[in-house]
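Morning, everyone. Please look at the sequence and the structure on the screen while I talk.

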Amino acid sequence: MAAEPSPSPSARPQPRADAARNREAVLAAATRAFATSDTEPSMREIARQAGVGIATAFRHFPAREALVEAVYRDQVVRLTAGARELLAEHPPARALRLWMDLFAEWQATKHGMTDTLLAMIDAGEISLAHSRQELLSAITAILDAGAAAGDIRADARADDLSAAILGMLAVAAKSGEPGQAGRLLDMLMDGVRPR
């Protein structure tokens, strides 16, 4: 008797719609909680904000590390997709400035998960090199489009711009002055425009 063929990957059962909604709700609540909390919020608090039970939160993310990794990767995807979307809707220089705001939001999201994220990076559970390459590719796409359009300097480099953005956001976060990050990023934009 011939063995039955194994099901193809597309034939595997997909998560129920309500399970997928619950997972997304937990992910969204965690993203908001990490961005606004001075300390790492508990899984119980994240579940409460998502409107689900703690067991549901742990069903999707069995440990804090799994949730932190999911939020981190989700934000990297949003940032890289955001670069493409902004370029499709705006001139390159405007797309770059709007993307800087997305980057600032991403940095803020990491605020409440820093300890866990750093521990995972130290343990090799998250690779910064891969994420960095994805982000640099997103910046490069905008810079290349801007150089071709003549509204961004042709010598602007993605790694330099990334370092400048990170530095400015770090300074603004320490100052606690509302609006400083936006003003600093506006000045950075002045530096990447053609002379």
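**A walk through the helices**

Reading along the sequence, we get the pattern α-α-α-α-α-α-α-α-α. That is nine helices and zero strands. Keep in mind that this is a predicted model.

Now the overall dimensions. Along its principal axes, the C-alpha trace spans about 75 × 50 × 30 Å. The protein has 195 residues, and 38% of them count as buried. What share of the contacts with a separation of 6 or more comes from residues 24 or more positions apart? The figure is 67%.

Next, the inside. The largest nonpolar core holds 49 residues. Four of them touch the most other members: Leu96, Trp99, Leu161 and Ile165. Which elements give two or more residues to this core? They are α1 (17-36), α2 (43-50), α4 (64-89), α5, α6, α7, α8 and α9. Helix α4 gives the largest share, nine residues.

Let's take Ile165 from that list. Leave out residues up to four places away in sequence. Ile165 then touches Trp99, Met100, Phe103, Leu185 and Leu188.

Two of those names bring us to the aromatic rings. A search of the whole structure finds three aromatic pairs. Let's look at Trp99 with Phe103. Their ring centres are 5.4 Å apart and their planes sit at 45 degrees, so this pair counts as tilted.

Ile139 has 0% relative accessibility, so it counts as buried. Beyond four places in sequence, Ile139 touches Trp99, Ala158, Leu161 and Ser162. Now compare sequence with space. Ile139 and Gly124 are 15 residues apart in sequence, and their C-alpha atoms are 25 Å apart.

Thr80 is found in helix α4. Its relative accessible area is 12%, and buried means under 20%, so Thr80 is buried. Leaving aside neighbours within four places in sequence, Thr80 is in contact with Glu134, Leu135 and Ala138.

The other one is Met43, in helix α2. Met43 has a relative accessible area of 8%, so it is buried as well. What does Met43 touch, not counting residues up to four places away? The list is Ile54, Ala57, Phe58, Phe61, Arg64 and Leu67. Met43 and Thr109 are 66 residues apart in sequence and 16 Å apart in space, C-alpha to C-alpha.

Last stop: the largest pocket. About 760 Å³ of space lies in it. Which elements give two or more residues to the lining? They are α5 (92-109), α6 (114-122), α7 (128-149), α8 (158-175) and α9 (180-192). Helix α8 supplies the largest share, six residues.

Leu166 is found in helix α8. Its relative accessibility is 34%, so Leu166 counts as partly exposed. Not counting residues up to four places away in sequence, Leu166 touches Phe103 and Gln107. Finally, Leu166 and Phe58 are 108 residues apart in sequence and 33 Å apart in space, C-alpha to C-alpha.

Notes
Residues are numbered from 1 along each chain as its sequence is written. This is a predicted model: local features need pLDDT of at least 70, side-chain atom pairs count only at pLDDT 80 or more; totals for chains, interfaces and linings use all residues. Side-chain values use heavy atoms; hydrogens and water are left out. On a 1 Å grid over the protein atoms alone, a cavity is a set of points where a 1.4 Å probe fits but cannot get out, and a pocket is an open set with protein on both sides within 12 Å along at least five of seven lines; lining residues have an atom within 4 Å of a point. Grid points are joined across faces, edges and corners, and a volume is the space filled by probe spheres set on the points. Helices (H or I, at least four residues) and strands (E, at least two) are DSSP runs, numbered from the N terminus. A nonpolar core is a set of buried Ala, Val, Leu, Ile, Met, Phe, Trp, Tyr and Cys residues joined through side-chain atoms within 4.5 Å. Buried means under 20% relative accessible area, exposed over 50%, partly exposed in between (1.4 Å probe, protein chains only). Contact means heavy atoms within 4.5 Å. Rings of Phe, Tyr and Trp (its six-membered ring) pair if their centres lie within 6.5 Å; planes under 30 degrees apart count as stacked, over 60 as edge-to-face and the rest as tilted.
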